Amino acid sequence: MPAPSSPPTDAAAPAARVASAPPAVSESQPGRAASATRGRALLEGLLPPLVALLVALLVGDVLILVFGQSPARVYGLLLEGTWGNAYGFGQVLYKATTLSFTGLAFALAARAGLFNVGGESQLAMGGFAAAVLGLALPTGTPWPVAVPLCIAAAAVGGGAVGAIPGALRARFGASEVIVTIMLNFIVLALLNWIVSAHLHVPETLHTPEMNAGAVGRLSDLLPAFHGSAANAVALVALAAAGAAWWYLFRTRGGYELRAVGLQPDAAEYAGVHVGRTWLRAMALSGAIAGLGGLNYVLGYKHYYEEGFSAGAGFLGIAVALVGRNNPFGVLAAALLFATLSQGGLAVNALVPKQMVEVLQAVVILAMVTAVPEVRRVLARAAGAALRRDGAKPAKVAA
Amino acid sequence: MIALVFLAQTLRIVIPYLLAAAGGVLSERVGVIALSLEGFMLGGAFGAAVTAHATGSAWAGLLGGAVGGVLLGLLQALAAVRFKANQVVVGVALNLLTVGVTRFFLRFLFDSSSNSPRVAGFGASAEGAAGGASSAATAFLGSLGNPLVWIGLAILPLVGWLLWRTPFGLRARAVGEKPEAATTLGVSVDRVRWIGVALAGACAGLGGAYLALDQHQFTDGMTAGRGYIALAAVIFGRWIPGRVALACLGFAAAETLQIQLQGRGSFPSQFVEMIPYALTILALAGLAGRAQAPAALGRAE
């Protein structure tokens, strides 16, 4: 299956792609063209998320009015229930942690030109691997040993699930979009079988509690956060974002990955092994998604439970989109989506929390339509401005 | 008779796949990735249930299902064809949107988080075929009286006829293979895609309508991944209606087999669940012959 059109990698590309201003202008007024390019790049980066949020707010208004409530009151309650109190904020942090991992995973693969829609299964496998290792370790294993081991297990578990579509794409050209979607079902069915047939605590759908590897909660440090699930894995998420940024923008491997994502043929011509890069990208992406499982397993319940991910894999796509595939943008977007999720619970008495699910999907749709549309509008405006300034087309060499 | 039970049950299971897969073939043949079949089905199921509830008529429900699917198809076309947004993300987003919207309106209209009240439908309601031979015969006859069953059986041959025996079909396939060539001949690529995706929405919506009208209610998430299995059938059947129909039949037969075997506790059901997905991956890896997708599939321009 031919590769689907490139995922939005705009955060890296705008400067390169936008510098297609006719040579006549650049030659005569280089400074002006350069700053126009940078300005346009900035707009291209920031406008789509703003547009998406605006559209989401409008749709939210409609849905709230359908239920006969006042949008101002509902939004106020939403903010109050999330950033306005310690428990709510703790829950926001907790949800944002998982979303950061799945968002980073999608963003990393997207930078390589690949769509990793398999976040759900990679997340589940990572969590499962960590839970199983935690069961296998003897009780009383000191945490500097147990926790890194569990982290590694989660990364390996998710990475293995991610590597399969990467290998199939590299070797057979199989569309990773379809393979990851199919694998989602396969892996989740497999995990369901393992847990329900062999590993579950009776009357439940979860594994027994881990013997080692649990991490502390925020409420242990700051009692104000009592009751919320926020935990130390949030620090791992921050570290992962930093590591992803450093890998993508400061190492050779990341450079090759981005090159392959922007133009595989050019990268290949420059000596990059495209297939191996795809495999590496998908494996890394899966590994990061697998780390997402740690939030629930190490930090919250200390066991693997069927369905613990609750759609975080798909929401990760939204997070990566809004975060423009930039690791730190992903963190910000994760906070946004987590706020929406938790906010939905806070306003549930007034408006069904399902409204938030609708809004999240609206944000994705609005983002993905806004990105090319904003680019088109800005390009038209730039072209109109150039014509207005009397730019002459460059002389074509005979 | 075991054969009759098997046949009756397979028929019940295959119809939604056939309908949704027909939509998938239409959409992908005009070059638009059909990831949102799941959403179309769910929207169709909801539309059917709401219309049947409001009017008390199963036929109105059928229409409502098609309309629901078409509306979602138009939304996808707006994003993917008019705005040329990335089709994979649009598909995923539409699926998420439909889940959210149906849940929201389920709360709003019926004040429930899980299901609608009982609505008019076609055929007997219970899982008749699982019981003995006589209830299987009743269920089978009931199926024969369900218009959606006949539509489902006819839809893929119809789509094949449309795509290969009509001028519109030729244009549609051209748009999916080489839109530039179609444009030079005066074909409006965007218009053909709008029509293709809207029709796909209608077909898959009917698939969802079948589910709702067969079970006489709408349940949250009732499509349960059938849209993805339909997509798997489209890919495994290499976008050719006849083969896609066979793939749907194969998947439905496997599902029936698993249900029949379930009581005897032999083969874990989860492995049978995996079959359609595993087969699709194998097909993509070239183990079932080269998979030739429509060449312009997924390209926005």
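In chain B of this predicted model, the mean positions of the 19 positive and 12 negative charges lie 8 Å apart. In that count Lys and Arg are positive and Asp and Glu negative, with His and the chain ends not counted; each charge is placed at NZ of Lys, CZ of Arg, CG of Asp or CD of Glu. Residues are numbered from 1 along each chain as its sequence is written, while chains are lettered from A and ligands numbered from 1 in the order in which they are written. As the model is predicted, local features need pLDDT of at least 70 and side-chain atom pairs count only at pLDDT 80 or more, whereas totals for chains, interfaces and linings use all residues; side-chain values use heavy atoms, with hydrogens and water left out.

**Chain B: overall architecture**

- Chain B contains twelve helices and zero strands, where helices (H or I, at least four residues) and strands (E, at least two) are DSSP runs numbered from the N terminus.
- The order of elements along the sequence of chain B is α-α-α-α-α-α-α-α-α-α-α-α.
- The radius of gyration of chain B is 19 Å, close to the 19 Å that the globule rule gives for 301 residues, so chain B is as compact as a globular protein of that length. The radius is taken over C-alpha atoms, and the rule is 2.2 Å times the number of residues to the power 0.38.
- Taken along the principal axes, the box filled by the C-alpha atoms of chain B is roughly 60 × 45 × 30 Å.

**Chain B: burial, contacts and surface**

- Of the 301 residues in chain B, 58% are buried; buried means under 20% relative accessible area, exposed over 50%, and partly exposed in between (1.4 Å probe, protein chains only).
- Among contacts in chain B between residues at least 6 apart in sequence, 81% join residues at least 24 apart, a contact being heavy atoms within 4.5 Å.
- Chain B exposes about 11300 Å², and carbon and sulfur atoms supply 68% of this area. Accessible areas come from the Shrake-Rupley method with a 1.4 Å probe; for residues, only the protein chains shown count as cover.

- Helix α7 of chain B spans residues 167-177, and its buried residues are Gly169(B), Ala172(B), Arg173(B), Val175(B) and Gly176(B).
- These residues lie on the same side of α7(B), because they cover an arc of only 155 degrees around the axis; the arc is that of the directions from the helix axis to the C-beta atoms.
- An α-helix has 3.6 residues a turn, so residues three or four places apart point the same way.
- Pro167(B) and Leu170(B), on the other side of α7(B), are exposed.
- The packing partners of the buried residues of α7(B) are α1 (2-29), α6 (147-165), α8 (179-184) and α9 (189-215) of chain B.
- Ala224(B) belongs to the loop between α9 and α10 (226-236) of chain B. Its phi is near 50 degrees, a positive value in a residue other than glycine, and Ala224(B) is exposed, with a relative accessible area of 61%.

**Chain A: overall features**

- Chain A has 16 helices and zero strands.
- Of the contacts in chain A with a separation of 6 or more, 78% are between residues 24 or more positions apart.
- The accessible surface of chain A is about 16700 Å², and 67% of this area belongs to carbon and sulfur atoms.

**Chain A: residues in helices**

- Glu176(A), in helix α8 (residues 176-199) of chain A, is buried at a relative accessible area of 1%.
- Not counting residues up to four places away in sequence, Glu176(A) touches Gly113(A), Leu114(A), Phe115(A), Pro165(A) and Arg169(A).
- Gly253(A), in helix α11 (residues 252-262) of chain A, is buried, with a relative accessible area of 18%.
- With residues up to four places away in sequence not counted, Gly253(A) touches Tyr247(A) and Arg280(A). The C-alpha atoms of Gly253(A) and Tyr269(A) are separated by 16 Å, the two residues being 16 residues apart along the chain.

**Chain A: residues in loops**

- His226(A) lies in the loop between α9 (218-221) and α10 (233-250) of chain A and is exposed, with a relative accessible area of 65%.
- Apart from neighbours within four places in sequence, His226(A) is in contact with Tyr87(A) and Ser219(A). A separation of 8.6 Å is found between the C-alpha atoms of His226(A) and Gly90(A), which are 136 residues apart along the chain.
- Asn325(A) lies in the loop between α14 (312-322) and α15 (327-346) of chain A. The phi of Asn325(A) is near 60 degrees, a positive value in a residue other than glycine, and Asn325(A) counts as buried at 2% relative accessibility.
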